[in-house]
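Trainee: Hi, I'm new to this one. Could you walk me through it?
Mentor: Happy to, let's bring it up and start.

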Amino acid sequence: MPRAASAEVAAAVADAHRREWAFVLAATMRVAGDIDTAEEAVQDAYATALSTWGGSGIPHNPGAWLTVAARRRALDLRRRAATAERALPKLLGPGEAGLEDRVVEDMVAEGGDIPDDRLRLIFTCCHPALAFEAQVALTLRLLCGLSTAEVARAFLVPETTMAARITRAKKKITAAHIPYRVPASSELQERLDGVLSVVYLVYTTGHTAPSGADLMRRDLAERGLELAKMLRVLLPHDSDVAGLLALILLTEARTGARVNGNHDVVLLENQDRSKWDRQAIEEGVALLREALAARPPGRFALMAAIAAVHDESGSWSDTDWHEILGLYDLLMERWPSPVVRLNRAIALGFAAGPAEGLAELDALGAEPQLARYPYLAAARGDFLARLGRLEEARVAFGEALILTDNDVERRFLQGRISELTG
Amino acid sequence: MSKYLILIYQDEAVARQAEGESISASYQEFQRRRASSLLGGAALHPSSTATSIRRDGASGFAVTDGPFVESKETLGGYYMIEATDLDEALEIAKEVPAGVGVEVWPVRVAN
């Protein structure tokens, strides 16, 4: 194989890290026996790739190369541990000799892909016996290959807190024997819903960052999109998976128009619709059709349907708010959360008039879950401004300003306040 | 196979009414159905009959009336079971006809 320049190698390893981490780790898990050994082996394999691809050339199938290297390393680590504990037969069982070769042969025979392994891994990470935050952390750590520091940064907790959370979760997986397995079909739907919630949270956290200088955390949003695509490959016939991927694609499609050249928020109303990604919209709409074929449609399909109405409207004034309101009514039946009620109230305001929307928003004021949610106050401010109640609108935007930690959103709200003052 | 302890919680007030009754039909049915997984188990007397013993930090003990934690839901009994993994243990635990619910604890096995 030809030698490769170091910049080229670094790029190839980074790319393989992004695309293949979950695959390599999942394929290494069974050989390794436990998560920590598997992670260590995979990390070592990537480090080896960085130091050897320059001389040997970048392999044709980096994922398979990395998997073979990681599995070899995992066997090595196990053998070493086993020797240390003098428990080699117990761990590796009969026929230990030659196992390494068999593993490598298997890899070659299978062409390197065992999609089921990644599915096993994600169901283990999102097991309901683990706390939701731990599920999210493990998914980012083990399926996306993010470091503990990166996961901590994404969720605004100190690195030590995140490290403790991940360690605790892994310990529970081992001690309680949480299985590395795809749930039986009788349980699959229920368990899958938890997995989809984790992936959706990863995406939304990236779509509008809870704090910081940028409106979006592109890396996290992309991880969410990748995870949804991975699930689609692994579960191609599931309508809820199709619904989630449709929702993410239809939301992503508008990303390029969400901020302007000054990094300011551009509301949907004012977005340059020619900047929307038509290809993503088409792909999302096709998936949506599939997702809506399920009876009754799932919550992600309904949310995707709402996004599709926006994406397919030629302009803000063409938007079919009555259809959106109807979809929110269906969504309320499926998923009656305060945030859904808030969004339904906003749709009502555009379908029936700001006074109606405002009345509905005021009724939501007592929801404890929305008490610190800046979008309730911001929506009230908007409807009050549309009704000409400018002083009250200013107060409402001021409330929203106190509740948001995202710099771009703060700038937007300050803009609204000064507009009303001026 | 792994061992799990299923702790059965009940509402003390409801349990008091049932005091003195023999083991209910639903528990008998559960025990029959899951006999091959059950390693042992027992029903407990009410929490008012429990006694806590705390080490006092010196060399003695403080003996007090009642369980460590007083709450409306109290421990009413337990099962020790054997299962292949947590999923199977949870399946079994869901079938325990407990009033409030159950906790599933993996049992540590000495090396």
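Mentor: Read along the sequence, chain B runs β-α-α-β-β-β-β-α-β. Keep in mind that this is a predicted model.

Trainee: How many helices and strands are there in chain B?
Mentor: Chain B has three helices and six strands.

Trainee: And what box do its C-alpha atoms fill?
Mentor: Along the principal axes, the C-alpha atoms of chain B fill a box of roughly 45 × 45 × 20 Å.

Trainee: What share of chain B counts as buried?
Mentor: Of its 111 residues, 28% count as buried. The accessible surface of chain B is about 7,300 Å², and carbon and sulfur atoms account for 54% of that.

Trainee: What about charges in chain B?
Mentor: There are 10 positive and 16 negative side chains, with the centres of the two sets 3 Å apart.

Trainee: Let's pick a residue. Where does Asp11(B) lie?
Mentor: Asp11(B) is in strand E1, residues 2-11 of chain B.

Trainee: Why does Asp11(B) count as buried?
Mentor: Because its relative accessibility is 19%, and buried means under 20%.

Trainee: OK, which side chain does the side chain of Asp11(B) join in a polar contact?
Mentor: That of Lys72(B), at 3.2 Å. A polar atom of the Asp11(B) side chain also lies 3.0 Å from the backbone nitrogen of Ala13(B). Leaving out residues up to four places away in sequence, Asp11(B) touches Lys72(B) and Val100(B).

Trainee: Switching to chain A: where is Ser313(A)?
Mentor: Ser313(A) sits in the loop between helix H14 (299-312) and helix H15 (321-334).

Trainee: Is Ser313(A) buried or exposed?
Mentor: Ser313(A) is buried, with a relative accessible area of 8%. Its side chain reaches the backbone oxygen of Val309(A) at 2.7 Å. Not counting residues up to four places away in sequence, Ser313(A) touches Arg273(A), Asp318(A), Thr319(A) and Asp320(A).

Trainee: One last topic, H20(A). Which of its residues are buried?
Mentor: Val408(A), Glu409(A), Leu413(A), Arg416(A), Ile417(A) and Leu420(A) are buried. In an α-helix there are 3.6 residues a turn, so residues three or four places apart point the same way.

Trainee: What do those buried residues pack against?
Mentor: The buried residues of H20(A) pack against helix H18 (374-386), helix H19 (390-403) and strand E2 (405-406) of chain A.

Trainee: And what happens at the start of H20(A)?
Mentor: There, a side-chain oxygen of Asn406(A) comes to within 2.9 Å of the backbone nitrogen of Val408(A).

Definitions and conventions. Residues are numbered from 1 along each chain as its sequence is written. Chains are lettered from A and ligands numbered from 1 in the order in which they are written. This is a predicted model: local features need pLDDT of at least 70, side-chain atom pairs count only at pLDDT 80 or more; totals for chains, interfaces and linings use all residues. Side-chain values use heavy atoms; hydrogens and water are left out. Helices (H or I, at least four residues) and strands (E, at least two) are DSSP runs, numbered from the N terminus. Buried means under 20% relative accessible area, exposed over 50%, partly exposed in between (1.4 Å probe, protein chains only). Accessible areas come from the Shrake-Rupley method with a 1.4 Å probe; for residues, only the protein chains shown count as cover. Lys and Arg count as positive and Asp and Glu as negative; His and the chain ends are not counted. The place of a charge is taken as NZ of Lys, CZ of Arg, CG of Asp or CD of Glu. A polar contact is a pair of N or O atoms within 3.5 Å; within protein, one must be able to donate a hydrogen and the other to accept it, and residues adjacent in sequence count only if both atoms are side-chain atoms. Contact means heavy atoms within 4.5 Å.
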